[in-house]
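Please open the structure in your viewer and keep the selection panel handy.

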Amino acid sequence: MKIIRWPGLIAFILIFALLVGGGVLFAESIVQSMIESTLTDINGAKVDIASVQINYSPVSLSVNDIQIADAARPMTNSIQIARARFAMSGGDLLLGKLIIDDMSLTGIRVDTPRKRSGALPKTKKTQAPVDDEKTLFDFDLPDIDLPDVGEALKQEPLKSEKLVDELNLDVDKTRQQWKATRDDIKDQKRWDSLKARYEKIRRDFKGDFAQKLDAIKDAKQLRDDLKKEMERIRNARRQFNTDSERLENAFKAVKAAPKQDIERIKQKYKLDNLNTGNIAELLFGAQAAEYLSLARTWYRRIKPYIESDEEEQEAVRFEGEDIVFREFNPKPGFYVRKVAIDAEIPRGRFAGSMTDLSSDQSVSKKPTRFKLAGQDMRHRDSEELSGEFNYVKKDRGYSQFEYRIKAYQLRDFDISKSKKLALNMSSGLMDLSLSSRIQSGRINGNTDIDFSKVNFKAGTRSSGAVTRMLATAFSDIHRFNIEATFGGNLKDLDMDLKSDLDNQIGHQFKAQIDARKRQFEQDLKARIDKKLREPLAELEQKKQKLDRIKAEVDDKERELKLQLADLDDKIKQEKEIQKQKLRDKKKQKKDELKQKLLKKLKL
Amino acid sequence: MFSQLIKFIRVLSSEAAPIQISLGLALGMIVGLTPMLSLHNVPAVFCLLLFRVNLAAFLLGWGFFSGIAYVLDPTFHDIGKAILTQASLNDLWTALYNQPLWRISRFNNTIVMGSLAVSLAAFIPLVILGNILIKHYRDDVMEYIKNSRLFRFLKSSKWFSHAVAMME
């Protein structure tokens, strides 16, 4: 029995040759299909390639006209690359690794139109964000009219007037009370009676002993009555002091009331809130938010290519699971050592390079870095973009960007299209420097923008005085700076904008506003003072009358004190006299007794 | 499939050596049980074409075992995983994994490894069993069928001749 089937061997060789030949013939189509399929999966929208050329010695690939559709806008390519050329390592290719030493990407363009939709059949179309011009360029200004003083006073009841009326009533009532008290204290009949008694006592003190004794007794009685009068006066004084204090406080409140009325009216018309501390944020905040949104869109587009890693494969039914073993020389599935980039954008050419582009940086152990610089750029001296995607340690991975523009010529740059304040930078130069870092879904960054040789055109349809003053203030500004810091979640960024524009506008704007505010305040004060002048003068007169009543009572008190003092002296004096007389009498008697005794003894 | 079966029955009845038929079946089993585009199928097909292995038996075996492969895939996956994750074999697999040719062979796929291991293990027993059964068929069964009344009746009818002619 023959064992070898020679025709079979020939058939095998022929089939093998056909397969190899066919593979070589159709390799380019196969590779094209594989690249389209792989990139489509990553991109989430169609990736179309015009043609692929393969060279086998050395192994290299040339891919022509790569169109990468934007998933959010299927009829637009986010990026279109005219040609991508790269040489690969054949050995690594057999191991399933695409390791490229040098790659060049030329003719890169962005946002080019497509002939056919790039949407995938089963994916949902995401709506591109619609620019709402109204929300971007409209904003609220403190558009306040400085009011007419007369109108303001008509609409605002003055608290000071009310206080004056209340004080008037109080003073009148108090004066009535004081008058009654004074009249009681100065009761002439009673004082005449006291005086008569005082005169009698004086006369009695000059009389005989019995009269003197009566005089002392009467004097004591009179002294007690006078003390009662004193007590009455003291009570009146205490009452007067209490009332005086109350009225004094009320007077102070009345004097302070006009100032408070002025402050209240100013507050109502927000005159103190007119400041320009937030003008830059009002004007440029919307633009900045728009640029941030654009940067977020671009980051979303490139994110799948930079943050992806080779995921562990799950077992798929009928396909099994590929068990991965240790590699002696581990390499990522896709790695490019250096990519030369040449991109055409509407404003010129961007050329540069990207290094260490890897599908898994934890294996390649090198971050991806890129640096692009503008060449032959229109309307600017230079433009540079550089950055780093460092995901070597996945849990601490970050993306970093730096962007600089020098001497960007601004022409008819609309800052605001608001009807309240339309602001256009008709010409100017801008230097911009921006740096940002994205890590763990959060972005932080800052930007510094210098504007020079600026000419503003401002217009307003508003009749508001503030807005018109603001529009005028911009015409004198030719140089300013904006510093912005932003941070937070990628979907919800906070931004803080500072600018010396606020100060510059502030100086001019503030001077105008301050002058008007001062004028308003002066007018208001004059009107209020005029309103209150007569009532206050009347109150002052009433106050003086009260003081006179008080003075009368004080005089009475002094008179009473003198009388009391005099009476006390008299009583004291008389007592002394009587005491002396008594002592003299005693002595005389003693002497008489002594004489008698001596006389008897001499006998 | 039915025509293949008829052809196979004719082969069984032919002068072809039993070893040729059973080798064809066994090679068909390897190609049928394992994933189609696997590198190990190249030597299998080479052997098929180079050696005088019965093609009809190969095609029948391929069809039959492809059918049951779908049902047995989960089992192959488990077997393949057990073999590939065997600690004592880890160094061997690691060395093979770092060789381009072996990487192309996808030996590290659980279904490839499992189905190949089962088909290789069953190869020699199937060849031996095939030989025995073919000899038994030729010596005993075929003679019995030839001598049976039903066969003689069918063979004599015109309808049977037409049917055979159509199938040929």
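The tour below begins with confidence, moves to the interface and ends inside one chain.

**Before you start.** This is a predicted model, in which local features need pLDDT of at least 70 and side-chain atom pairs count only at pLDDT 80 or more, while totals for chains, interfaces and linings use all residues. Residues are numbered from 1 along each chain as its sequence is written, chains are lettered from A and ligands numbered from 1 in the order in which they are written, and side-chain values use heavy atoms, leaving out hydrogens and water.

**Stop 1: chain A, by confidence.** The average for chain A is 81, and 83% of its residues score at least 70. Now select residues 124-144 of chain A, where pLDDT stays under 50. For this stretch the model has 39 contacts (heavy atoms within 4.5 Å) beyond four places in sequence.

**Stop 2: where chain A meets chain B.** Show both chains: 26 residues of chain A are in contact with 35 residues of chain B. Together they bury about 2,700 Å², 64% of it on carbon and sulfur atoms; buried area is the accessible area (1.4 Å probe) that two parts lose on being put together, summed over both.

Stop 3: Show the side chains that touch, including A:F12 and A:I15 of α1(A) and B:F46 and B:L49 of α3(B).

**Stop 4: charges across the interface.** How many salt bridges are there between chain A and chain B? The count is three, a salt bridge being a side-chain nitrogen of Lys or Arg within 4 Å of a carboxyl oxygen of Asp or Glu. Zoom in on A:E321 and B:K81, whose side chains form a salt bridge at 3.2 Å, N to O.

**Stop 5: inside chain A.** Finally, select A:E557 and A:R237, a salt bridge with its closest N and O atoms 2.4 Å apart. A:E557 lies in helix α11 (residues 501-602) and A:R237 in helix α7 (residues 209-268), 320 residues apart.

How values were computed
Helices (H or I, at least four residues) and strands (E, at least two) are DSSP runs, numbered from the N terminus. pLDDT is the predictor's confidence in each residue, from 0 to 100.
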